[in-house]
Amino acid sequence: MDERIEIRPLGRPGDLGWVVMAHGELYAAEFGWDATFEALVARIVADYAGDHDPRREAAWIAERDGRRVGCVFCVAADGSVAQLRILLVDPSARGHGLGGRLVDECLAFARRAGYTRMRLWTNDPLVAARRVYLSRGFTLTGQEPHHSFGVDLVGQVYEVDLRPATGAARPLAPARS
């Protein structure tokens, strides 16, 4: 049975609510995170929905056979740095490279928008996402333990240089502590 996977711009009715709900439910089930994580995602989504510059910021929904199964956002951290936010792939759609495709969409958009770097913040239990980031040239530039979402975590910052050099993303040197 052939499955149809499509990555499309966020913007259909229900997309925003799905992003918040999917993050809340999935991270509670997989990592035991509490509703404060869902509240963080809701703020990110509300900020994007309420005021974003479509030339500099974008978001995508992945659908499999017409059902939402993933998302990613690209927002401005500042004038030259884009931030990849709230990447998610539903367990039913994992193992098919969808996370990589979503990150690739985000990176391509950031380059077209003129950003020179992309940054993201993640946490240590998100091993599969980290593999995707590393395979796209991101490097770890900082990490710090924290207690958030009802659990002890290690927050991690990854960055990648988006400037053309050899046509591929270049990792940045790790930040000095």
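A salt bridge here means a side-chain nitrogen of Lys or Arg within 4 Å of a carboxyl oxygen of Asp or Glu. With that rule, a search of the whole structure turns up 12 salt bridges.

A word on the ground rules. This is a predicted model, in which local features need pLDDT of at least 70 and side-chain atom pairs count only at pLDDT 80 or more, while totals for chains, interfaces and linings use all residues. Residues are numbered from 1 along each chain as its sequence is written, and side-chain values use heavy atoms, with hydrogens and water left out.

**Salt bridges**

| Pair | Closest N and O atoms |
|---|---|
| Arg8 and Asp15 | 2.8 Å |
| Arg136 and Asp104 | 2.7 Å |

How does burial look for these pairs? The classes are buried (under 20% relative accessible area), exposed (over 50%) and partly exposed (in between), using a 1.4 Å probe and protein chains only. Arg8 and Asp15 are both buried. They also belong to a network of salt bridges that links Arg8, Arg12, Asp15, Glu63 and Arg68.

Helices (H or I, at least four residues) and strands (E, at least two) are DSSP runs, numbered from the N terminus.

**H1 against H2**

Now for a helix pair. The axes of H1 (residues 15–31) and H2 (residues 35–50) come within 9 Å and cross at roughly 160°. Axes are lines fitted to C-alpha atoms, for helices over the stretch in contact, with angles from 0 to 180 degrees between N-to-C directions. H1 and H2 are therefore roughly antiparallel to each other (over 145 degrees).

Which residues of H1 and H2 meet? On the H1 side they are Leu16, Val19, Val20, Met21, His23, Gly24 and Tyr27, and on the H2 side Phe37, Glu38, Val41, Ala42, Val45 and Ala49, with contact meaning heavy atoms within 4.5 Å. By class, this contact has 10 nonpolar, 2 polar and 1 charged residues.

Key: Angles under 35 degrees count as roughly parallel, over 145 as roughly antiparallel, 65 to 115 as roughly perpendicular and the rest as oblique. Ala, Val, Leu, Ile, Met, Phe, Trp, Tyr, Cys and Pro count as nonpolar, Asp, Glu, Lys and Arg as charged, and the others, Gly among them, as polar.
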